[in-house]
Amino acid sequence: ARTAAVIPAAGRGVRLGPGAPKALRALNGTPMLIHAVRAMAASRAVSLVVVVAPPEGAAEVKSLLADHALPERTDFLVVPGGDTRQESVKLGLDALPDGIDIVLVHDAARPLVPVDTVDAVIEAVRDGAPAVVPALPLADTVKEVVPSTDGSPEPVVATPARARLRAVQTPQGFDHATLVRAHETVTDDVTDDASMVEKLGAQVVLVPGHEEAFKVTRPLDLVLAEAVLARRRA
Ligand code: CTP
Ligand code: MG
């Protein structure tokens, strides 16, 4: 089975604050995107990595890939992204060549996912699951609210039992045909790819995620990511 990884990296990173697009920000001197590309290419199963670049940044991303050491066995493609994550993933899927059986979709904003997590996701797809998601139990209790737009206190609607909830990560792994069908069929706004497959009625399964697969979203996450890298080098 030929496996490709699509890396949506076209977001601006509004929550991280002003500066370059998030995927191009450095972590200990190396762009976040390069860390994410290396994390996918570290799996021997991944033969192609498609980077979905910021719309105006495809040329810059191509030169970044050329300037950093990457495994010889892996092919790389760069395509410009869209206005939403969902659109960016679709543009990445459109760029895949024939003969891909398994697709991973991995946020550039999760640069430190360990290769064992990547391999566990691929393995579960190979074993027959149409969609596989790495996930972890929650530390915080979660409340459903009526969101307020003016800063007033938000009324609580419900508190789902924490033991039944999981926080999901990437890479999410898919049977290629299933993910393509989901992107052709589902038009609702979603925040991950697996939820599109759920809407098709196909079974999504979870495998254990990893603490180091956290998403770099806010400034404090940069501090944590650089500390994790420093610990790895120690
Ligand atoms: N993404 C994308 N295209 C978009 C929006 C997001 O490829 N139009 C990518 C981001 O680059 C990121 C991943 O989707 O790797 C997860 O999105 P998120 O963490 O929300 O990143 P941003 O959208 O860049 O951040 P923010 O929401 O704070 O602006
Ligand atoms: Mg976003």
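## Terms and basis

Two strands pair if DSSP finds at least two bridges between them. Strands (E, at least two residues) and helices (H or I, at least four) are DSSP runs, numbered from the N terminus.

The model is predicted: local features need pLDDT of at least 70, side-chain atom pairs count only at pLDDT 80 or more, and totals for chains, interfaces and linings use all residues. Residues are numbered from 1 along each chain as its sequence is written, while chains are lettered from A and ligands numbered from 1 in the order in which they are written.

## The chain as a whole

The chain contains seven helices and 12 strands. Its C-alpha trace spans about 55 × 40 × 35 Å along the principal axes. The radius of gyration is taken over C-alpha atoms, and the globule rule is 2.2 Å times the number of residues to the power 0.38. For 234 residues a compact globule would have a value near 17 Å, and the 18 Å of the chain agrees with this.

A residue is buried if 20 or more other C-beta atoms lie within 10 Å of its own, exposed if 12 or fewer, and partly exposed in between, with C-beta atoms placed from the backbone. Of the 234 residues in the chain, 38% are buried. Two residues are in contact if their C-beta atoms, placed from the backbone, lie within 7 Å. Among contacts between residues at least 6 apart in sequence, 73% join residues at least 24 apart.

## Strand pairing

With strand 10 (166-168) strand 7 runs antiparallel over three bridges, and Ala-135 has Val-168 as its bridge partner. With strand 11 (172-175) the pairing is also antiparallel, over two bridges, and Val-132 is partnered by Gly-173. With strand 12 (residues 204-208) the pairing is parallel, over five bridges, and Ala-131 stands opposite Val-204.

Strand 4 (residues 46-53) pairs in the parallel sense with strand 1 (residues 3-8) over six bridges. Ala-4 stands opposite Leu-48 there. Six bridges also join strand 4 to strand 5 (residues 75-80), again in parallel, and in strand 5 the partner of Leu-48 is Asp-75. Strand 4 is largely enclosed by the rest of the structure, because seven of its eight residues are buried.

## The nonpolar core

A nonpolar core is a set of buried Ala, Val, Leu, Ile, Met, Phe, Trp, Tyr and Cys residues joined through C-beta atoms within 7 Å. The largest one has 56 residues, and those touching the most other members are Val-6, Ile-7, Leu-33, Met-40, Val-49 and Val-51. Helix 1 (residues 32-41) gives the most to this core, with eight residues.

Neighbours within four places in sequence aside, Leu-33 is in contact with Ala-9, Ala-23, Leu-24, Val-51, Val-61, Leu-64 and Ala-108.

## The surroundings of ligand 1

A residue counts as near a molecule if its C-beta atom, placed from the backbone, lies within 6 Å of it. The shell around ligand 1 holds 22 residues, the closest being Pro-8, Gly-11, Val-14, Arg-15 and Ser-88.

Ala, Val, Leu, Ile, Met, Phe, Trp, Tyr, Cys and Pro count as nonpolar, Asp, Glu, Lys and Arg as charged, and the others, Gly among them, as polar. By this division the shell has eight nonpolar, seven polar and seven charged residues.

## Single residues

Val-105 lies in strand 6 (residues 102-105). Val-105 counts as buried because it has 25 C-beta neighbours inside 10 Å. Leaving out neighbours within four places in sequence, its contacts include Val-6, Pro-8, Thr-170 and Pro-171. Thr-170 and Pro-171 are joined by a cis peptide bond, with omega about 10°. Pro-171 sits in the loop between strand 10 and strand 11.

Asn-28 is in the loop between strand 2 (26-27) and strand 3 (30-31). Its phi is near 45°, a positive value in a residue other than glycine. Asn-28 is partly exposed, with 13 other C-beta atoms within 10 Å.

Arg-162 belongs to the loop between strand 9 (156-158) and strand 10. Arg-162 has 13 C-beta neighbours inside 10 Å, so it counts as partly exposed. Not counting residues up to four places away in sequence, Arg-162 touches Leu-138, Thr-141 and Val-142.
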